[in-house]
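Me: Please take a close look at one part of this model, the aromatic rings. How are they paired, and where do the paired residues sit?

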Amino acid sequence: MISSSMFGGHVTISTNSPFLRRSSSRPVVSEPGSTERPIDVDEVFSLPIEASEMKTGDTSKHGAAIMPSPIFLWRFKVLLFSLWGFICCKIGIDSVLRMNADLRDLFLYEAFLYYNPLLLVTMMVWLWGINLWVFAQSSVNYAKIFDLDQTHLTHRETWTCATWMTIVVPSSMTAYLYLYSHGEVSWAASQPVILYAVVLMVLIFPFDIFYLSSRYYLLKTLWRIAFPIQPITFSDFFVADILTSMAKVFSDLERSVCRMVHRQVATIAWFEADSICGSHSAAIPLVLVLPYVWRFFQCLRQYKDTRERTCLLNALKYSTAVPVIFLSALKYHVFPDQWTNIYRPLWLLSSVANSLYSFYWDVTRDWDLSVFSRIFKFKTPHLCSNVLYGRQWVYYWAIGSNLVLRCTWTYKLSAHLRHNYLTVFTITALEMLRRFQWIFFRVENEWNKMTLKPSLQVSMNDIPHEEDRLLPPMNNDHDV
């Protein structure tokens, strides 16, 4: 029992009472009526504790002392990651230099084809994590826009997935280069096959690991995109727009899987133009055009549900990509004179039309900006950017870079230019960056619509009706 003096008297309470003391105070024990110095409870109980510490040591404090700080752990991870990257680059460069100079270019081209799609997907996952991080720092509620539940991936979890992809994909590519250059062709051919199989298994794995709810949401969205027979949601056409920027990724995936199925990995049989997986394959333009066909039918479905004329104009925009793709593919099926005099000018004309139409739609529809009016009106609150806080130079940069990248974007859709694989990879990566900045303004525009719509409804209700302005208010208290 512990006695404490309260208002001149003694009150006896239990030592385990929650009202005995604050966390920072020291409990005192004294006998009623005693004049001796009160006994400090800490002194009483510290004696056996100190004795035991001399024998065994304070394990809790010792354990806390040896725990590394989060900054140290982060630096250690960065060091390991940098060391791993250096080892992969060293082994890859040595393997390439080991190859015969005459076959080195073909060797790199084939290796690049297998791993280029997954490298670009990894890059897009990193960029999507940055998008989510910026949205989390701003007032944009992206979870509400995409109708996500509480288990959706945050930016940190997205970056974790991107980190593992960054480790696995280059490691497999390094193993392929090393094994092929050292004569282990069969083992080298198995590396991209194993990688693609693992990626597929992770996506469709039915058990509650590897973010099952997010994987299910992604697969369900892809199914709705491929078969737009139901009303189109924002996430449906948002992901479909991203897929249009990854059309070259789908094309390379098709060619890679084609070679795996026909056992042409780590061989030069695919290099024959007339082979089933060669550059003359009709499947290449069909796969390139597939995301635009999906988006085209989504627009038609939206028009059926809403009867808005803008849906038809949007469908027309996606249809302009079809001539760019198929006119380019005709180069392998017509005479050179016909290509130079007829089909190449048509291809250039369709490319310009598609680029300018897409640029106009990005600025005026997807971003809801206007070069001549909206960009200068940042003093109006609802016209300011919730993400970038109305910084005017950002909008100038977004509009200018979007125009340039929209024009270079048609390069990657052209089948007759794909032999410049490094150039095509660079332009595809730039298209990913264009789509990355497009996401900021597109999601912001959707959030502004969602937040401004209720306020506009309230303001409309506050406006008096015509008869209320013309007739005076009725007074029911007057006497007749």
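**Aromatic ring pairs**

Reply: Phenylalanine 76 is partly exposed, with 41% relative accessible area (buried is under 20%, exposed over 50%, partly exposed in between, using a 1.4 Å probe and protein chains only). The model is predicted, so local features need pLDDT of at least 70 and side-chain atom pairs 80 or more, while totals for chains, interfaces and linings use all residues. Residues are numbered from 1 along each chain as its sequence is written, and side-chain values use heavy atoms, leaving out hydrogens and water.

Rings of Phe, Tyr and Trp (its six-membered ring) pair if their centres lie within 6.5 Å; planes under 30 degrees apart are stacked, over 60 edge-to-face, the rest tilted. This rule gives 23 aromatic pairs. One of them joins phenylalanine 72 and phenylalanine 76, stacked at 6.5 Å between centres and 15° between planes. These two are about one helical turn apart because they lie four residues apart in helix H3 (residues 70–98) (helices are DSSP runs of H or I, at least four residues, numbered from the N terminus).

Phenylalanine 238 and tryptophan 438 are also stacked, at 5.8 Å and 25°. Phenylalanine 238 belongs to helix H9 (residues 234–245) and tryptophan 438 to helix H16 (residues 421–462), so this pair ties together parts 200 residues apart in sequence. Phenylalanine 238 is buried at 2% relative accessible area, and tryptophan 438 is buried at 0%.

Arginine 435 lies over the face of tryptophan 438, 4.4 Å from the ring centre (the rule: NZ of Lys or CZ of Arg within 6 Å of the centre and within 35 degrees of the ring normal).
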